[in-house]
Amino acid sequence: MYYASGGECEKVEKELLLDMKGIDKIFPEVHALRGVDFVVRKGEVHALMGENGAGKSTLIKVLTGIYEKDGGSITFDGGEISPRNPLEAQHAGISAIYQELNLVPFLPVYENIFVGREPVTRLRIVNREEMARRADEVLGDMGIRIDVTEPLNSYSMAIQQMVAIARAITINAKLVIMDEPTSSLDTKEVKVLFSVVRRLVEKGIAVIFISHRLDEVFEVAERVTVLKDGQLVGEFKVSELDQLKLVSHMIGREAKDMERKKFDYRYADAEELAVMRNIRQGVRLSGIDIDVKKGEILGLAGLLGSGRTELAKILFGAEIPDGGEILFMGRGMRLKAPKDAIDAGMGFCTEDRKIEGAIPHLSVRENITIAMLPQICRFGVVSGKKQDETVRRFIERLDIKTPSPNQTMRNLSGGNQQKVLLSRWLCLNPKLVILDEPTRGIDVGTKAEIENLIQELSNTGISVLMISSEIAELERNCDRVAVMREGRKLGELTGADISQNKIMELIAQGHRKFGEKECA
Amino acid sequence: MANLSDERSAQGKHLAAAARKYGALLVLIVMIAANAAITPNFLKAGTLWNIIIQSCTIILTGMGMTMVISSGGIDISVGSMMAVGSMAAAKLLPLGLAPAILLSLALCLLMGAFTGFMIAKLRLQPMIMTLTMMMALRGGAQVMNNAMLLYINDARFAMIGNYKISGALPLQTFVVLVAVLAVYFIMEKMSLGRYIQSVGDNPHSSRLAGINTVRTIIIVYMFSAFFAGVTGIIETSRLSAADGNAIGRLAEMDAIAAVAVGGTSMLGGRAHVLGTIVGALIMQLITISVNMNNIPFELAQVIKAAVIIVAVFLQREKAR
């Protein structure tokens, strides 16, 4: 752990507004924050960065009183605080603007700004004229001129966000937290947002800015704090960083205790199993070509929001693309539901096991065999013998630690749940397995087991499409890596060419390349 | 000391787990024992038979409700569906006994399929969709005979609800037995049962595991409608009259309570078919013991509510 800026120069800089020291947060299954320090100065834009699960949102939730901290202290504006709910945080002067705005869409703009604190006349009647007048004033100060009596949902997402910010200002916020404020805005709207952010800063309000888009961080933020796996990586001045450095801080390099599996690329002439051509979907994917060869392990690298998961879901039929073509074993596919992809010979271990994988209250047995039921059924009656036999085989082969096949799924540890979900697909003898973050939240030992299993699959001729935010993991396991950024493929690396540095360079260069295109 | 308290808390955990698993059964046993002590003539064979026979309605509708709730939904149109089955069968009786029954059940199945389609495909809230069906079907049943009672004078139809096999076993208990076995078999041995529970437990995961969630949910509401129809026909036969206004009033509430008391999670997931039977017996036992002790009906409702709360409390999932 290291700090980019020395303590001495800080003294002459802006005054401290927020000082979080040694924040700890422990959930039943994970230690989400380990002694994290986080400092924000008055009137600065401070970016908070880190991959999924790094602890950004947990830290913000502790700060805004949604979670209670298990250790550490928070000093805000000179006094120690420990908010127990968002309202207390608001009273202290901390306002959060979330991705899903907590506004009331069908109420007029001015009511949204003042809801809960409506100015009243002497007769305790809500004073609408006063509200509208003050709403006009606040928005005008931000450079936004709209009819505040119109319902909120008659305006664009960007304006709605401005309204949320205006609301924060009127409750005298000293610190405004923006969680992914740009995720649903277009380029123009982002510009408007940033000009508002700059005005806030001029007034001495501090802004915590959370975004996955590197360009934006470099454009608007003064400092950046990077978290990884619940720990502080460091605080940096943006002016002293470049994109490559920031990416490597976020992704980190793990100690090389696991060996790289292969160096030669042997699949140049192998037949193509799955081919995706010019896949487009909304703003997420803008024309992507990917092909997976028989028996190879293809990695998809990129930061969050690069469109990796969306691409995988389209290949598996879980989402329908706006356009593009998918071939599987040379045949054109029209995938309408995951069932079509499963019938064709695919399996998909999703990124979020809890929401999109586990069937939590059913047994390990049912969780393993749920996708293979059509194969072990006669007239809709499940063959208990075949089911038990399959379950026994996979519990043994993957060394799943469970007291019995009847154990309820949710009582298993994360690693064992992942093994159960892998079994669900492997028992179908698939031709292609899609693994989205297969080792996330899994202990090191199980991680190695799963990586070995991935190699084993490839050796038996099963193709693997693997998505991982850990570049080291892709380097160790993949025959070929495709690098994505913001819905486009930037390039591919094969065999010995795959290295963490090259992947990170591609990601960081991506923005320059597309930036130039826009200028021309 | 530390050891002792550890042991105690471990014991406490076991007890809590046992209570969660057998809570409903425990309440049933306590109630039987209490009744045996205070209610005159309770242990006579006739009384016990009555409980079993009279709980047939709740058990039958409860079977469909178990499937619906396990799939993550709810069906409050059950009572009105009973009225539709009843009225349709009575109206069609001139066509002959078998056609009348089959056509009325087919009508119920169709209505159930419609309900399921609206919920699964068009994503209407189960509560709202079945609420509107509750109103529409009740109205439909009344319109069929201009909101009047329809008396039935058909000896063979009357046998459905009144005939006793070899003079002792009522025909309807046989129907209920078949229904229970069928639902138990579906939920425990067939792929459909696993799909239902899986969809109720986690619809996202289920779809990604290749389950046709829309079809599964439609089937579930068809089952519920079918059992409601059968129950409606049996009731009609017992009364020898079809009453669009009265048949099945509040039947859905008893069915839901039986499922809840029986231990099936209201959030969907694992189904407890046999638990629903225990739940239904508890509901009926309360009614009978209240009657036999000359407690007014109004008070009986309050007692029912209290027992439901106790049983559900014993089985509640530990709050996170």
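Reader: Thanks. In β2(A), what is the bridge partner of A:Ile23?

Author: In β2(A), A:Ile23 is bridged to A:Val36, where helices (H or I, at least four residues) and strands (E, at least two) are DSSP runs numbered from the N terminus. Before we go on, this is a predicted model, in which local features need pLDDT of at least 70 and side-chain atom pairs count only at pLDDT 80 or more, while totals for chains, interfaces and linings use all residues. Residues are numbered from 1 along each chain as its sequence is written, and chains are lettered from A and ligands numbered from 1 in the order in which they are written.

Reader: OK, and over how many bridges do β1(A) and β2(A) pair?

Author: Strand β1 (residues 16-26) of chain A pairs with β2(A) over 7 bridges, in the antiparallel sense; two strands count as paired if DSSP finds at least two bridges between them. A:Leu18 has A:Val40 as its bridge partner in β2(A).

Reader: Which strand do 5 bridges join to β1(A)?

Author: That is strand β4 (residues 71-76) of chain A, which runs antiparallel to β1(A), and there A:Met20 has A:Ile74 as its bridge partner.

Reader: So what is the order of strands in the open sheet?

Author: The 4 strands follow the order β2-β1-β4-β5 in chain A, with antiparallel pairing. β2 (31-41) and β5 (79-81) of chain A each have a single partner strand, so one side of each is left without a neighbour in the sheet.

Reader: Switching to chain B, how many residues does helix α4 have?

Author: Helix α4 (residues 78-92) of chain B has 15 residues and reaches 21 Å from its first C-alpha to its last, close to the 21 Å expected at 1.5 Å a residue, the expected span being 1.5 Å times one less than the number of residues.

Reader: Is it enclosed by the rest of the structure or exposed?

Author: Largely enclosed, because 13 of the 15 residues of α4(B) are buried (20 or more other C-beta atoms within 10 Å of a residue's own, with C-beta atoms placed from the backbone).

Reader: Which residues of α12(B) does α4(B) meet?

Author: B:Val78, B:Gly79 and B:Met82 in α4(B) meet B:Ala251, B:Glu252 and B:Ala255 in α12(B), a contact meaning that C-beta atoms, placed from the backbone, lie within 7 Å.

Reader: And how many residues does each chain give to the contact between A and B?

Author: Chain B gives 19 residues and chain A gives 23 residues. The largest share of chain B's side, 6 residues, comes from α9(B).

Terms used. Contact = placed C-beta atoms within 7 Å. Buried ≥ 20, exposed ≤ 12 C-beta atoms within 10 Å, placed from the backbone.
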